Amino acid sequence: MEAKSYVNRIIRRVKCTGKRRGELKRQLLSDIAFRQEDGESLEQVIKAMGAPREVAREFNQNLSPREKKRFILKWVLISCVSFLLLVTICCGIFLWMLPKGYPMGYSGTFSQEQVRESSEHVIRLFEEGNYEDMRELSSEKMKEIITNEVLERAREQVSGDWGAFQSFGNAYFQEVVQQGQEMALIQLNVSYEHTSVTYTMMFDQEMKLTGFYIR
């Protein structure tokens, strides 16, 4: 073991401020060098001084109350700063994961006309029961979700008898950014002979369907 390595193992365990640690380190290295010049080998010096843990314990017992207090205050401050940093990072991740809404056209990626045209096309396919073509217009993840059974159940939960299509109504548009992904959202009201349905759809940047909800 080298003298510096031995001394560093001691210093890491001494509970004092950085300035005091520097002084102790210089003192220990000087003492070891002096004893080596006096004829002792490094192994003999280390054996005489004792294990790093024991040497550090002796130093800690001899520290002044003021030095101990300064050490405690230092670590309290470090702990507080570390905690605040952790909170800041966690908040940043949480906010990054939350969806953020912007007016349609904010990113320059989507337009109301394009989104409305795509949504009306999806609705027509849904009305016809053409679920296979709906899936062809969807993202890979969405394809796994909108099975025939899921879509039929969604239709029945709104009403057992919709009647014939009457007209498209008002639409609400928004861009949504979540986890760095830009998406277009539309809520479109549609009137049927026996009921009214609100469709909510989301599209990714390639205008693939990523969300489809009805009520």
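**Strands, core and pocket**

Strand β4 is largely enclosed by the rest of the structure, because seven of its eight residues are buried; buried here means under 20% relative accessible area, exposed over 50%, and partly exposed in between (1.4 Å probe, protein chains only). Strands (E, at least two residues) and helices (H or I, at least four) are DSSP runs, numbered from the N terminus. The model is predicted, with local features needing pLDDT of at least 70 and side-chain atom pairs counting only at pLDDT 80 or more, while totals for chains, interfaces and linings use all residues. Residues are numbered from 1 along each chain as its sequence is written, and side-chain values use heavy atoms, leaving out hydrogens and water.

Two strands are said to pair if DSSP finds at least two bridges between them. With β3, β4 pairs in the antiparallel sense over eight bridges, and the two form a hairpin with three residues between them. Ser-196 in β4 is the bridge partner of Ser-191. On to β5: five bridges join this strand to β4, again antiparallel, and Tyr-199 stands opposite Ile-214 in β5. Five residues separate β4 and β5 in their hairpin, where Met-207 in the turn has a positive phi of about 60°.

Leaving aside residues up to four places away in sequence, the contacts of Phe-126 include Trp-162, Tyr-199, Phe-212 and Ile-214, contact meaning heavy atoms within 4.5 Å.

Turning to open space, the largest pocket holds about 240 Å³. On a 1 Å grid over the protein atoms alone, a pocket is an open set of points where a 1.4 Å probe fits, with protein on both sides within 12 Å along at least five of seven lines; lining residues have an atom within 4 Å of a point. Grid points are joined across faces, edges and corners, and the volume is the space filled by probe spheres set on them. Of its 13 lining residues, Met-142, Ile-145, Gly-211, Phe-212 and Tyr-213 lie nearest the centre. Strand β5 gives the most to this lining, with five residues.
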